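My notes are kept in the order of looking.

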Amino acid sequence: MEVSARKSALKKLTIAGIAALVSFALTACASTGNTKTESKGVDSSAIITVNSVEPTGELLPGNVSDTASWKIATQLFDGLVTFTNKGELVLDEAESITPNEDASVYTIKLKKGLQFSNGEAITAQTYARAWSYAANAANAQVGASIFATIKGYDELQAEGADPNAQLSGLSVVDDRTLQVTLNAPDSSFSYKVGDVAFLPIPSVAYKDIHAFGKNPTVSNGSYVLDSWNINKNIKLRVNKKYSGVREPKNAGIDFVVYDSLDSAYADLQGGNLDVLDSIPTSALGEYKNDRSIQAFSDRSSAFKSITIPQNLAHFSGEEGALRRAAISYAIDRSSVTKKILSGAATPATDFLAPVIAGYSKDLTGSEVLKYNAKKAKELWAKADEISPWEGTFTIGYNADGPYKEWIDAVANSISNALGIEARGDSYATSKDFATAVNKRETHGAFRSGLQSDYPHPEGYLFQAYDSASADGKGLNNGDYKSAEFDQFMDTAAAQTNLDDAIATYQKSEGLLLKDLPVIPLWYDNVSAGAAQKMKTVKFNYMGLPSYYELEKVE
């Protein structure tokens with residue numbers, strides 16, 4: 001889809017580039033496709049039950065830092081754009097998004113009649129206020145860095161900034177027109193506004209923002225919040241005032257909280273759960289032949305890694321560079337993905353994902369991602385000459401997710417190659433783990449990964465490694481900072497031709513392969529299941545269920 005009347009250079013990016021940015025479709029292994037042929041009709045009054053873990057904290061768009069929160073916040077709120085299940089950009093609340101010649105100023109025109117579920121009108125000011133709140137350091141929102149390219153962002157990062165201060169680059173022309181002036185050209189901006197942090201919130205939220213985040217009963221998305229029962233479930237029901245592009249085909253979604261995927265899988269098999277978005281490791285080798293369920297498998301946009309914080313002892317400077325490379329060489333990715341994950345993942349060759357434009361199997365320096373125990377030991381020994389190693393190399397993870405088996409396998413591979421003690425460091429819940437990561441209270445390295453909210457290489461690279469995304473202002477949880485890498489991001493953002501931008505992004509990945517702020521592991525495939533009574537099960541470009549499209553037979 002073309003976004004408004006773009007200049008010719010940008011048309012090349014948005015028209016030719018959109019189709020290339022993400023391209024995949026899920027197929028069902030245990031049925032003829034993702035829509036079953038049934039004699040019974042669709043039950044439009046059905047409530048669909050899906051699995052989840054307890055969200056880390058708030059459901060406030062600017063403060064979403066985990067997948068559980070993302071799943072729900074993106075059902076409650078609609079934004080300017082959304083994406084098809086194949087990753088194609090679609091205008092949602094925006095009627096048009098038009099850049100100037102060099103993509104440094106964007107004019108956004110909203111559709112008529114937009115409103116929240118309580119009847120409040122959604123205007124250009126609604127967006128300007130929400131974005132400014134999320135960007136302002138005084139409000140400590142984890143999604144702040146996504147706004148870094150908007151003029152006035154740096155001023156809002158100053159100590160003592162007024163929490164109500166607005167981004168100077170946002171100009172409300174009228175109720176339906178918002179002009180956005182950037183610090184520098186950003187050809188990805190039309191995609192970037194699809195990030196969860198760019199979603200609008202109602203005026204009632206600002207009366208007690210944290211209370212609203214815990215109970216966002218006013219929304220503008222496909223659904224409204226019915227109830228949130230901590231550690232039990234989160235119930236969403238259809239938003240009767242909804243007029244967006246994601247019209248629900250069911251009456252609601254119940255997110256059921258599980259402390260283990262094995263329990264969720266047992267409920268799926270027993271008909272007590274409708275959709276499971278991730279098969280437990282214990283069942284990966286057999287679920288495709290399980291006749292009690294519909295099985296789904298395909299590529300996804302999920303990049304998995306291990307983050308080694310920049311301030312972790314023995315992992316900074318020359319010594320750190322040697323040890324990071326040694327750890328990477330010490331991991332037998334092929335063995336782990338085959339034996340532990342039953343082929344449900346593909347060893348990483350870059351920092352993106354196979355379905356994202358710019359993905360590469362032959363980046364300069366990518367040999368560091370191949371198992372080489374001899375090389376690993378040599379590099380570790382050189383690091384010991386600088387400062388002898390002591391202690392245990394730990395990898396943090398949450399016990400309520402499908403991580404223990406592969407964390408143990410990776411740790412064992414590191415131990416065997418380097419002759420050191422390496423082990424997993426378990427946190428009880430996803431919430432406990434995410435809190436430790438966000439507060440920089442992990443004890444060592446920790447599992448990490450990325451599925452960008454918007455299908456563009458910028459969403460994987462800038463968001464996870466740019467200096468602006470460090471220090472709790474984004475997804476750079478290892479606090480990696482490199483002026484050289486930041487310059488690559490600035491250069492790519494100014495390139496309105498997608499091929500040129502990709503070439504720059506790949507140069508930045510070459511630097512990441514040297515610095516290794518994270519250790520790339522693999523790309524997860526979508527491995528999911530649905531009850532036999534489900535008629536329509538579709539998955540979005542992130543490999544998660546397209547909740548509004550889920551249908552169950554009568």
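The entries below cover the helix pair, then the residue.

I worked on a predicted model, in which local features need pLDDT of at least 70, side-chain atom pairs count only at pLDDT 80 or more, and totals for chains, interfaces and linings use all residues. Residues are numbered from 1 along each chain as its sequence is written, and side-chain values use heavy atoms, with hydrogens and water left out.

Entry: helix pair.
I looked up helix 12 (residues 457-465) and helix 14 (residues 498-515), which pack at an angle of about 40° with their axes 11 Å apart. Helices here are DSSP runs of H or I, at least four residues, and strands are runs of E, at least two. I noted the crossing of helix 12 and helix 14 as left-handed.
For contacts (heavy atoms within 4.5 Å), I listed Pro457, Glu458, Leu461 and Tyr465 in helix 12 against Tyr505, Ser508, Glu509 and Leu512 in helix 14. The residues of this contact divide into five nonpolar, one polar and two charged.

Entry: serine 448.
I found serine 448 in strand 17 (residues 445-450). Serine 448 is buried, at a relative accessible area of 16% (buried means under 20%, with a 1.4 Å probe and protein chains only). Leaving aside neighbours within four places in sequence, I recorded its contacts as Phe303, Lys304, Ser305, Ile306, Thr307 and Val518.
I then checked polar contacts (a pair of N or O atoms within 3.5 Å, one able to donate a hydrogen and the other to accept it). The side chain of serine 448 has one of 2.7 Å with the side chain of serine 305, and another of 2.8 Å with the side chain of threonine 307.

Terms used: Axes are lines fitted to C-alpha atoms, for helices over the stretch in contact, and angles run from 0 to 180 degrees between N-to-C directions. A crossing is left-handed if the near helix is turned anticlockwise from the far one by less than a right angle, and right-handed if clockwise. Ala, Val, Leu, Ile, Met, Phe, Trp, Tyr, Cys and Pro count as nonpolar, Asp, Glu, Lys and Arg as charged, and the others, Gly among them, as polar. Buried means under 20% relative accessible area, exposed over 50%, partly exposed in between (1.4 Å probe, protein chains only).
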